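Subject: Structure for your review

Dear colleague,

Please find the structure below, together with its sequence. I would be grateful if you could read the notes that follow beside it.

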Amino acid sequence: MADAVADTRRLYTKPQNLSDAYGPPSNFLEIDVGNPETVGVGRGRFTTYEIRLKTNLPIFKLKESCVRRRYSDFEWLRGELERESKVVVPPLPGKALFRQLPFRGDDGIFDDSFIEERRQGLEQFLNKVAGHPLAQNERCLHMFLQDESVDKNYTPSKVRQA
Amino acid sequence: MSFFGFGQSADIDIVLSDGETRKKAEHKTEDGKKDKYFLFYDGETVSGKVNVTLKNPGKRLEHYGIKIEFVGQIELYYDRGNHHEFVSLVKDLARPGELSSSQSFDFEFAHVEKPYESYTGQNVKLRYFLRATISRRLNDITKEMDIVVHTLCTFPELNSSIKMEVGIEDCLHIEFEYNKSKYHLKDVIVGKIYFLLVRIKIKHMEIDIIKRETTGTGPSVYHENDTIAKYEIMDGAPVRGESIPIRLFLAGYELTPTMKDVNKKFSVRYYLNLVLIDEEERRYFKQQEITLWRKGDIVRRSMSQQAAIASQRFEGSNSTNALAQTKEASS
């Protein structure tokens, strides 16, 4: 028969391995979107952004990668993830169609402040998406982040670890 | 008839014979207020007096009978017209006739069965009450007195701990343990969360107590979930091998015992919801049902005796051993 004072002692736990406690955590994933560069001439110009990835997650084939992508590639990625996975995909920074109209006072979509705003939005988008356990299973995400170029005619599939 | 100043009317008052000594318990009313009512247990006798006070002295009160009822009923809020009475006892106090002066009537409902606990919820109410009625030609005079019933249990014979390994493959594996599966209303949930694999960026972890009230049967079942408590147990990012303790005192929360299929009309169940939130506000959770029960009050030992018992527990406990081990490992 128990008495009035409850037994609130902690349950037994085995002590943590000190290399686990003080070693690098296994959830390291850093994505930086930077170095915007406008390529091409006249009306065919577009801006690409450098995507640097550093990680120790085993699901990523390369522990470090660096690729260049443009805004329409991000739009493609978002569409693929919405269709293929059950993830609620966060929104991208705006498409800014109004900036592409002629007779503007500034540089339109090649304006420095606009590119910087877009860069930040793209970085936030990628960090949200790449850290999602379900999105990490999608082939399109890995192709976007680590392959040299995006093959829009790829076969959608899931990445399975051995 | 009470208008035009003609005729006679009366006030009814129900007084319990042990009203001075009987304990009262707080119970929530439908609009959320807390009131105190006399507390009864299953099998106890309900007895007292019905005092009928005539409003106009000198005039007689004609009636078709005076009675008192003890009623236990379930009211579903969406079906107010139909009360489901599971206990209904009647005692006639007076045959049809006249009252020439105020009078008092004794009543006793001996060893009344009160099988369920009083409950006021979001969609259903279970209540017990005494109702005295003076039947008249046009309108009856009634008075109701609610009482509160608690159902007590003894310590369960079998009270296994809950221990499970859950996770998302290759992303997050945890083992959680709660020391019991059945807790009484003033108990403490003691447990731990052990991290086996952490490949996501966790920001914090909390444990919620969720109450689920289920009303209706078959196709018209309705569940109402209510988060009674949210208790943060970890702030920051854990790594593999880390163990987070849980110590959650239930006495501070408004809880009722678990009620399963009361009179086939409703259920009230409780769940512990373990929630992990990552850096991007994504939530990972695991829900586990627990059983809550009401313990009878026991005679309390003196404070010094209780303190002596508690201090004995901490001598030679596991916590001191763990400290010794880490000292050895780091030296």
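Predicted model: local features only at pLDDT ≥ 70, side-chain atom pairs only at ≥ 80, totals over all residues.

Residues are numbered from 1 along each chain as its sequence is written, chains are lettered from A and ligands numbered from 1 in the order in which they are written, and side-chain values use heavy atoms, with hydrogens and water left out.

**The contact between the chains**

Chain B contributes 35 residues to the contact and chain A contributes 33 residues; contact means heavy atoms within 4.5 Å. Together the two chains bury about 3200 Å², of which 58% is on carbon and sulfur atoms. Buried area here is the accessible area (1.4 Å probe) that two parts lose on being put together, summed over both.

Eight residue pairs are in polar contact between chain B and chain A, with both residues at pLDDT 80 or more. A polar contact is a pair of N or O atoms within 3.5 Å; within protein, one must be able to donate a hydrogen and the other to accept it, and residues adjacent in sequence count only if both atoms are side-chain atoms. On the side of chain B that touches chain A, the elements giving two or more residues are strand S16 (188-198), strand S19 (243-249), helix H1 (303-314) and helix H2 (318-330). Strand S16 of chain B gives the most, with six residues. Helices (H or I, at least four residues) and strands (E, at least two) are DSSP runs, numbered from the N terminus. By class, this side of chain B has 16 nonpolar, six polar and 13 charged residues. Ala, Val, Leu, Ile, Met, Phe, Trp, Tyr, Cys and Pro count as nonpolar, Asp, Glu, Lys and Arg as charged, and the others, Gly among them, as polar.

One salt bridge is found across the interface of chain B and chain A. It joins the side chains of B:Arg240 and A:Asp20 at 2.9 Å, N to O. A salt bridge is a side-chain nitrogen of Lys or Arg within 4 Å of a carboxyl oxygen of Asp or Glu.

A:Thr8 lies in the segment before helix H1 (18-22) of chain A. Not counting residues up to four places away in sequence, A:Thr8 touches B:Val188, B:Val190, B:Arg247 and B:Phe249. At 17% relative accessibility, A:Thr8 counts as buried; buried means under 20% relative accessible area, exposed over 50%, and partly exposed in between (1.4 Å probe, protein chains only).

**Chain B**

Chain B has two helices and 22 strands. Of its 331 residues, 44% are buried. Among the contacts in chain B with a separation of 6 or more, 67% are between residues 24 or more positions apart.

**Aromatic pairs**

Over all chains the structure holds 11 aromatic pairs. Rings of Phe, Tyr and Trp (its six-membered ring) pair if their centres lie within 6.5 Å; planes under 30 degrees apart count as stacked, over 60 as edge-to-face and the rest as tilted. A:Phe74 and A:Phe125 form an edge-to-face pair, 6.5 Å centre to centre with 65° between the planes. A:Phe74 lies in helix H2 (residues 71-84) and A:Phe125 in helix H3 (residues 112-130) of chain A, so the pair ties together parts that are 51 residues apart in sequence. Both A:Phe74 and A:Phe125 are buried.

In chain B, B:Phe107 and B:Phe109 form a tilted pair, 5.9 Å centre to centre with 55° between the planes. Both of these residues are buried.

**Salt bridges**

The structure holds 39 salt bridges over all chains. A:Asp73 pairs with A:Lys152, their closest N and O atoms being 3.4 Å apart. This pair links distant parts of the chain, 79 residues apart: A:Asp73 is in helix H2 of chain A and A:Lys152 in the segment after helix H4 (139-146). A:Asp73 is buried, with a relative accessible area of 11%, whereas A:Lys152 is partly exposed at 43%.

B:Lys230 forms a salt bridge with B:Glu206 at 3.9 Å between the closest N and O atoms. B:Lys230 counts as exposed at 53% relative accessibility, and B:Glu206 as buried at 10%.

With kind regards
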